[in-house]
Amino acid sequence: MAPTEYCTLSIVPLKQVNDLWNKNDVLIFIADLKDYSVLDEEYLDKVEKMHLNSLKTKYFRKRYIISRLLLKYLSGILKERPWSDMVTCKDEHGRVHVRDHNDLHVCIAYTENTVALAISKIEMGIDIEVIRSRSVASISRSIDRTLSDSTPSIDSSDFLARWTLKEAYCKFSNETMFSSLARKLDLSDVSHSSYVLDSKYILAFVTKFYPYKIKIVRLQRIDLDKEFHY
């Protein structure tokens, strides 16, 4: 695997988002769900509401609403359109899109109360995990037989790096995680990278394209209540 890069996240002001987009192929925004209250679902369209209603817990409903509103807001900035013009949808493989904007490639990943939202000019997949022993133990209990190319007890950081790369590869290739768990991780046909963020998270990125310019930032808190009530 490619060596892991260590990054200290900076907060990006919203006014700099367009400038970052002009200079990079991929923007990945890290946001804390705890910074946001659960907003009314009136800001979702009919299809988005149908998916929301399929979610059973408050936690999953909150992260769905917040991630979609952030995506609407950010994609509106990039396309210089009102957020209300932006609609998110999923294709038959579960990949998220901004409807009518196929040049924006999107991937969303969650870990605990954190969301990683990637908006890209190229097709890609991402995954993120909190770095701690409980993360490894939780994953390994479920799939201890599946990562034949990695042993959690030997090196937990290596295990998480491989796990997140496998998740990111599945999202990139539109494969379900469960369909590929038993297969050895093979990254020979893709470009990939791993990042340790603020010594707290490990994030994996997979694409077919190389070279690419990627920027990972902590998203400035957006006052969604204010922005979505104008």
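## Close-up views of a predicted model

View 1. With a relative accessibility of 11%, which lies under the 20% limit, Val 190 counts as buried. The structure shown here, as in every view that follows, is a predicted model. Val 190 is found in the loop that lies between helix H6, residues 177–180, and strand E9. Which residues does Val 190 touch, once residues up to four places away in sequence are not counted? They are Tyr 169, Phe 172, Val 206 and Thr 207. Although Val 190 and Val 206 are 16 residues apart in sequence, their C-alpha atoms are 6.7 Å apart in space.

**View 2. The pairing of strands E9 and E10.** Strand E9, made of residues 191–197, pairs with strand E10, made of residues 201–207, in the antiparallel sense and over 7 bridges. One of the residues to look for is Ser 191, whose bridge partner in E10 is Thr 207. In general, the strands of a sheet pair through backbone hydrogen bonds, and they may do so either in parallel or in antiparallel fashion.

View 3. Strands E9 and E10 belong to an open sheet of 4 strands, which follow the order E1-E9-E10-E8 with mixed pairing. Strand E1 (4–7) and strand E8 (124–130) stand at the edges, and because each has a single partner strand, one side of each is left without a neighbour in the sheet. From one strand to the next, the twist averages 20 degrees.

**View 4. The largest nonpolar core.** This core has 41 residues, and those with the most contacts inside it are Phe 29, Leu 70 and Leu 224. At least two core residues come from each of several elements, including helix H1 (17–23), strand E3 (26–32), helix H3 (58–79) and strand E11 (214–219). Helix H3 gives the most to this core, supplying 10 residues. Leu 70 touches Ala 31, Tyr 36, Leu 117, Leu 219, Ile 222 and Leu 224, when residues up to four places away in sequence are not counted.

View 5. Among the contacts in the chain with a separation of 6 or more, 62% are between residues 24 or more positions apart. The chain exposes about 11,800 Å², of which carbon and sulfur atoms supply 48%.

Conventions:
Residues are numbered from 1 along each chain as its sequence is written. This is a predicted model: local features need pLDDT of at least 70, side-chain atom pairs count only at pLDDT 80 or more; totals for chains, interfaces and linings use all residues. Side-chain values use heavy atoms; hydrogens and water are left out. A nonpolar core is a set of buried Ala, Val, Leu, Ile, Met, Phe, Trp, Tyr and Cys residues joined through side-chain atoms within 4.5 Å. Buried means under 20% relative accessible area, exposed over 50%, partly exposed in between (1.4 Å probe, protein chains only). Contact means heavy atoms within 4.5 Å. Accessible areas come from the Shrake-Rupley method with a 1.4 Å probe; for residues, only the protein chains shown count as cover. Two strands pair if DSSP finds at least two bridges between them. Axes are lines fitted to C-alpha atoms, for helices over the stretch in contact, and angles run from 0 to 180 degrees between N-to-C directions.
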